[in-house]
Amino acid sequence: MGSDSVASLRGVKLVYHEPSRETLAVDGLDLEVKRGEFLSIVGPSGCGKTSVLSLITGLLTPSEGSVEVLGVSPAEARGRIGYMLQRDALLDWRTIERNVLLGLEVKRALTPESRSRALALLDKYGLGDFRRHYPAELSGGMRQKAALIRTLAAEPELLLLDEPFSALDYQTRILLEDEVRSIIKQGGYTAVLVTHDIAEAICMSDRVVVFSGRPARVKRSVGIDLAGTAFERRSRAGFGALFDLIWKELREE
Amino acid sequence: MSREHMEYLKKLKRGRRLTAAVRILLLALLLGLWEASGRLGLADPFIVSSPSRVVSTALRLYESHDLFPHILTTFYETVVGFVSGTAIGVAAAVLLWFSPFLRRVLDPYLVVLNALPKIALGPILIVWVGAGPGAIIVMALLVSTVVTVMSVLSGFTEQGREREELMRTLGASRLQTFMKAVLPASVPTIMSALKISVGMSWVGVIVGEYLVSKRGLGYLIVYGGQVFKLDLVMASIVILCVLAAIMYYAVAAFEKRIDKRFGRE
């Protein structure tokens with residue numbers, strides 16, 4: 001595989017085992033994430049989108065096929081992957097600053113330099129004034145942004161976003177999509193976003209991959225060639241056509 | 001500050017004062033009724049005692065230098081039972097959190113142990129530990145340990161779930177997950193477990209004293225009942241109330257301090 005591939009899944013088959021049955025969740029999945037790319041995965045609910053993220057982090061191992069992340073196995077790459085969850089899960093007894101430093105602490109990589117780099121992120125993305133505040137004092141959108149900075153502070157080479165906006169209200173969501181996209185593009189991060197929101201996928205990413213229903217495989221890969229920020233993209237001429245295209249693919253499922 | 005806000009604060013203050021006043025009034029009323037029922041011949045003071053008789057009994061105990069030894073004995077047994085019971089309970093909960101396998105294995109045992117009235121073990125304890133303060137402390141310890149294990153463990157598993165996931169995504173070890181996320185998240189649960197446990201320790205100690213002791217408030221209550229000195233029984237219960245309240249508020253004050261340390265004011 002080329003050096004510009006950050007994650008590659010080849011011929012992946014994944015079977016879930018439960019006492020009452022086994023489920024074929026993923027079958028014949030090929031997926032390639034390129035360096036610097038922002039990739040979104042959309043698909044019918046319960047199709048195993050999140051399973052793909054778990055495969056990349058090595059929390060799940062494929063029954064067949066191979067998964068390679070950053071040139072090594074997922075388990076070896078784990079410390080270099082950043083994960084953003086649906087809920088911010090900020091620790092409410094820690095200030096925002098100490099929450100943001102959590103990843104570095106856990107990795108035992110907290111040095112004066114890494115610390116000031118992490119705190120610079122807070123300043124850069126508008127949370128500098130809230131360094132000494134507790135999570136309870138922040139709004140939902142700010143909390144999720146703090147969670148993103150916590151993920152970025154550990155300096156990941158690959159970012160996985162698992163429906164990070166689904167717990168937010170509509171307005172906050174639109175604003176945060178805009179901000180998160182610009183943070184990720186500015187920082188040159190490679191990111192994979194899992195979402196069930198087609199508009200969100202189009203706004204935020206460079207490429208949208210449509211998953212089929214169970215067992216999941218890649219049904220279609222759609223390059224997004226819209227200019228502007230996530231918010232501006234919503235009103236671009238090509239937006240509607242892309243939406244219809246993806247919507248049709250999904251509806252057939 | 002706006003006029004409306006001042007009104008609001010005033011109203012709040014008035015509400016608090018009213019609560020306090022009615023609280024005290026209620027106590028005075030109950031004590032008054034109790035005293036009056038004896039004096040007016042509505043009830044036999046020999047059976048129901050009265051506040052004045054309670055006070056004079058307590059004073060007599062004090063003058064004969066019996067009061068404090070009894071109080072201290074019970075207090076000592078409770079504190080030792082509570083502290084060791086809680087320590088063992090929390091330690092066991094930590095161990096069970098770290099080993100889900102052990103947790104699954106021991107689950108039915110814990111359930112049975114929790115359902116069993118620990119008081120039934122009294123005679124066994126007396127035989128094994130000896131008829132003395134030792135058996136009483138072990139009784140208090142048993143009663144408080146089991147509730148502590150159950151409630152602290154459920155705190156760990158419930159409070160910790162979302163945070164465990166977070167720590168996993170950050171690549172944290174099990175120990176890091178526990179120290180940085182699960183334990184601090186469970187502080188409120190542990191604190192409420194302490195409050196329950198302190199009450200449970202009193203139950204254990206008083207029952208223990210009913211069974212074996214020659215000293216302590218539980219002993220005074222049983223003895224008073226046997227020789228029909230209801231004044232002594234009532235006086236001991238009143239003292240017990242005060243002691244239990246003091247210990248509960250001490251735990252509550254401790255909780256406040258801990259909360260502050262964890263930034264939860």
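Biologist: How do the axes of helix α10 (residues 217-226) and helix α11 (residues 230-261) of chain B lie to each other?
Modeller: In this predicted model, they come within 7 Å and cross at roughly 155 degrees.

Biologist: Why are α10(B) and α11(B) called roughly antiparallel?
Modeller: The crossing angle is roughly 155 degrees. Angles over 145 count as roughly antiparallel. Therefore α10(B) and α11(B) are roughly antiparallel to each other. Their crossing is left-handed.

Biologist: Which residues in α10(B) meet α11(B)?
Modeller: B:Leu217, B:Leu220, B:Ile221, B:Gly224 and B:Gly225. Their partners in α11(B) include B:Leu232, B:Val233 and B:Ser236.

Biologist: How do the residues of this contact divide?
Modeller: Into 9 nonpolar, 3 polar and no charged. Gly counts as polar, so B:Gly224 and B:Gly225 in α10(B) belong to the polar group.

Biologist: What makes a set of residues a nonpolar core here?
Modeller: Buried residues of kinds such as Val, Ile and Leu, joined through C-beta atoms within 7 Å. The largest such core has 113 residues. A:Val42, A:Ile56, A:Leu160, A:Val192 and B:Ala93 have the most contacts inside it. Helix α7 (residues 133-169) of chain B gives the largest share, 16 residues. A second, separate core has 10 residues, among them B:Leu217 and B:Leu232.

Biologist: What does A:Ile56 touch?
Modeller: Leaving out residues up to four places away in sequence, A:Ile56 touches A:Ala7, A:Val67, A:Val69, A:Pro74, A:Ile81 and A:Leu160.

Biologist: How many residues of chain A are in contact with chain B?
Modeller: 14 residues of chain A, with 14 of chain B. The chain A side divides into 9 nonpolar, 2 polar and 3 charged.

Definitions and conventions:
Residues numbered from 1 in each chain as written. Chains lettered and ligands numbered in written order. Predicted model: local features only at pLDDT ≥ 70, side-chain atom pairs only at ≥ 80, totals over all residues. Buried ≥ 20, exposed ≤ 12 C-beta atoms within 10 Å, placed from the backbone. Helix = DSSP H or I, 4+ residues; strand = E, 2+ residues; numbered from the N terminus. Contact = placed C-beta atoms within 7 Å. Axes fitted to C-alpha atoms, helices over the stretch in contact; angles between N-to-C directions. Parallel < 35°, antiparallel > 145°, perpendicular 65-115°, else oblique. Left-handed = near helix turned anticlockwise from the far one by under 90°.
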